[in-house]
Amino acid sequence: MSEPLKQPQFPGSISTGDTLQSTSQPRGSETRALSEAVHAPPAERFPTYPTAWYPFGQAREIRHRPVSKDLLGRRLVAFRTAGGQIGVLDAHCSHLGADLGRGCVAGDTVQCPFHNWRYGVDGLCSHIYTGDLIPPAARQRSYPAVERHGLVFFFNGPEALYPLPFFDGADPDDFIRARPFGMTLRCPWWLVGANACDLQHFLGAHDRRLAGPAQVSCPTPYSRRASAPFAVVGASWRDRFTRWVGGPEVELSVTDWSGTMLFVTARFRRTRSYGLLTSLSLGRDSVFVRGIVFVKRSRFSLGRWLLDPVNLWLRRYFIKEFLRPDAELAARGLRYDPDRLLPCDDEMASYFTWLAQTTGGSDGGIAGWTEA
Ligand code: FES
Ligand SMILES: [Fe+2]
């Protein structure tokens, strides 16, 4: 049975290319009527495992052998062929189900440890040791895979709906990354991207006071960009340092791809920070979030040796600390209930509507696949 992508429609949804100026001005004493309608989709509209790009892990993990992991409700194996190609396949062999992650790489294939069947990066079996004819069912699901910045990314569908994204208008080759950090949150995956649209929480959780209206646009059918100016008002040494180095205001911009990759740019007057948050659904109520901090590579070799590592370390530290309040609260549990959203949550409601409308996925298998 093929499983269609979910494409629900909701009132108030926005379409590709629309640019909206938020009504969420700083509010002062303004009180909005509770009777104002806030439309947000029910939780059932969100798939458990959205169709999107995900990091599999570090490329060096598969330098010498295949590696399998439990991801998105199934077991996947990644391997690098002798020719350097990256493959990501279902890990359980189509013969008797052995884990290909326990096998080895043989030329341009991964070899099953049980009876030595071999599969290419396209998932097709190319060799059966006994010389038997290869049956049509001797194939693994294969996933589009890309290596970038020393990480392996895969798309959980038969074809990528869009290329592996990066920061708007930026060339990945101009950037280097820091060591990723991770956190397991007890909340649905779709609350991760909503955090950037939760304008109320920035003051309480991050000491950032909203300083103007939010801007929202949808550059592509699968991405949504939200940005807003904030004043850095905290009294901690980190915020004082941030004001000294960067300036008193910051324009935060988040480009969200399918709710699973959030490219965050913080534009200060004198500097700019780049962070990627990837979220990997662990089920209906928990998600693993990985933070990856980037800096622009120095143009001179001395800078690459001396400045870039320090720059990366500092940015990683500050961004991780910036996210700490969210992470600590979400690690203790957050819930999604559209009926509890108030008019002041309208930015979040709009985000949920967009996400449910544009993100397909599944509750077990992989969307778009025909079950063998
Ligand atoms: S289980 Fe993989 S070849 Fe038999
Ligand atoms: Fe936050």
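This is a predicted model: local features need pLDDT of at least 70, side-chain atom pairs count only at pLDDT 80 or more; totals for chains, interfaces and linings use all residues.
Local features here need pLDDT of at least 70 and side-chain atom pairs count only at pLDDT 80 or more, while totals for chains, interfaces and linings use all residues; side-chain values use heavy atoms, with hydrogens and water left out. Residues are numbered from 1 along each chain as its sequence is written, and chains are lettered from A and ligands numbered from 1 in the order in which they are written.

Asn-195 sits in the loop between helix 1 (190-194) and helix 2 (201-206), and His-206, eleven residues away, is in helix 2. Helices (H or I, at least four residues) and strands (E, at least two) are DSSP runs, numbered from the N terminus.

Then I checked cover: buried means under 20% relative accessible area, exposed over 50%, partly exposed in between (1.4 Å probe, protein chains only). Asn-195 comes out partly exposed at 24%, whereas His-206 is buried at 5%.

Next I looked up helix 5 (residues 346-358). Its 13 residues should span 18 Å at 1.5 Å a residue, and the end C-alpha atoms are 18 Å apart, so the two agree; the expected span is 1.5 Å times one less than the number of residues. I also saw that 13 of its 13 residues are buried.

In helix 4 (residues 301-332) I picked out Leu-307, which is exposed at 58% relative accessibility.

I traced an open sheet of four strands, order 4-5-6-11, with antiparallel pairing. Its edges are strand 4 (67-71) and strand 11 (142-143), each pairing on one side only. Two strands pair if DSSP finds at least two bridges between them; strand 5 (residues 74-80) and strand 6 (residues 86-90) have five.

Last, I went to Leu-277 in strand 21 (residues 272-281). Leu-277 is buried, at 14% relative accessible area. Thr-260 is 17 residues from Leu-277 in sequence, and their C-alpha atoms are 7.7 Å apart in space.
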